[in-house]
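Reader: I have a structure to read and I am new to this. Can we take it one feature at a time?

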Amino acid sequence: MRLIIDTDTAGDDTYSLLLAMKTPGSTLEAVTVCVGNVPFDQQVENALATIEAAGFSGKVPVYCGARRPMVKPWEASTMHGNDGMSGANLPIARQRPETMHAVDAIIEKVMAEPGEIDILAQAPLTNIALAVMKEPRIAKAVRHLWIMGGTDNSVGNITPCAEYNFFIDPEAAKIVFEAGFNITLSTWTLTMRSSLFEADQLDEIFAMKTPLSEFYRKVSATPRQTAEARYGRPISTHPDSLTCAMALNPDLIESARDAVVRIETAGEITRGFSAVHPPVLGNRWPEFKVNARVVEKASNGGFFNMMKQALS
Ligand SMILES: [Ca+2]
């Protein structure tokens, strides 16, 4: 399968890129960088350094996209350290970003071969929203849009109501969910249910002692410390890489349901909240139609095996 990954490259974003490059049968067509986790140019360097670490230098073009959200000011996250890589201090990559804007690259690649390319959106949805505003036909020309963001009517990770990606640019998320894409939504609720690597799994990865397992160990250091303080055990969370794994291997999905997903753009306490309604809503409010498949549960063991293969 052929994939474009839109990313705010830090921490788990990088393992998602590794999965897309290293999983047999997958082709990472392009990486597009969007406002999010850490300062923009750092995110670009993190993407390029990850591609180099995987041995794919010069094979996966990187495009720079939106440097700020649609409306509200942007806030960096310290979740993955100031550089987004837990201070791993990777060498500056030889490959440099392309000159074409990410939004134009998405449109050009998707429209050149309609129905052929999936997009994995693992950042705030600014680039995807701008792309579908500029060329509305991409909504039907993208084979499938995999989105990491929001919650399944549950607790967020940046406010009690909101997950980071949707909180940073809810206006963009609203545009994307109303644009007519074929969407699978992978929420923070799913992240906490199905994506965690526990201490024994982490030890198994660290014991591999390959260059990419060392990459994983270094880049995951800060979020593992944060998780230990927050949850009382040294787990690693994988919102983006689990979403990538499901895109590459949909058999990992154990439970999912069709839903009407709406994004809160205002609200004193709910900005960025994703309201996940049942499809039956359509009977009373016919203007609301099913616009996403929401994943409820995925195979942690299957995901872990894919990650080990990618890091081998
Ligand atoms: Ca991300």
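Reader: Is D8 buried or exposed?

Author: This is a predicted model. Buried means under 20% relative accessible area. D8 has 1% relative accessibility, so D8 counts as buried.

Reader: And D240, buried or exposed?

Author: D240 has a relative accessible area of 4%, so D240 is buried too.

Reader: Which protein donors does the calcium ion have?

Author: Look for the residues that hold donor atoms. Here they are D8 (OD), D13 (OD), D13 (OD), Q122 (O) and D240 (OD). They lie 2.2 to 2.5 Å from the calcium ion.

Reader: How are the donor residues spaced in sequence?

Author: The pattern reads D-x4-D-x108-Q-x117-D. D8 and D240 link distant parts of the chain, 232 residues apart. D8 sits in the loop between β1 (2–7) and α1 (12–22). D240 belongs to helix α12 (residues 239–248).

Reader: Now helices. What describes two packed helices?

Author: The angle between their axes and the distance between the axes. Take helix α3 (residues 102–112) and helix α4 (residues 126–134). Their axes come within 9 Å and cross at roughly 60 degrees. That angle makes α3 oblique to α4. The crossing of the two is right-handed.

Reader: Which residues make the contact?

Author: From α3, they are A102, V103, D104, I106 and I107. From α4, they are N127, I128, L130, A131 and K134.

Reader: How many are nonpolar, polar and charged?

Author: Seven are nonpolar, one is polar and two are charged.

Notes. Residues are numbered from 1 along each chain as its sequence is written. This is a predicted model: local features need pLDDT of at least 70, side-chain atom pairs count only at pLDDT 80 or more; totals for chains, interfaces and linings use all residues. Side-chain values use heavy atoms; hydrogens and water are left out. Donors are N, O and S atoms within 2.8 Å of the metal (3.2 Å for Na, K and Ca); water is not among the atoms, so sites may look incomplete. Helices (H or I, at least four residues) and strands (E, at least two) are DSSP runs, numbered from the N terminus. Buried means under 20% relative accessible area, exposed over 50%, partly exposed in between (1.4 Å probe, protein chains only). Axes are lines fitted to C-alpha atoms, for helices over the stretch in contact, and angles run from 0 to 180 degrees between N-to-C directions. Angles under 35 degrees count as roughly parallel, over 145 as roughly antiparallel, 65 to 115 as roughly perpendicular and the rest as oblique. A crossing is left-handed if the near helix is turned anticlockwise from the far one by less than a right angle, and right-handed if clockwise. Contact means heavy atoms within 4.5 Å. Ala, Val, Leu, Ile, Met, Phe, Trp, Tyr, Cys and Pro count as nonpolar, Asp, Glu, Lys and Arg as charged, and the others, Gly among them, as polar.
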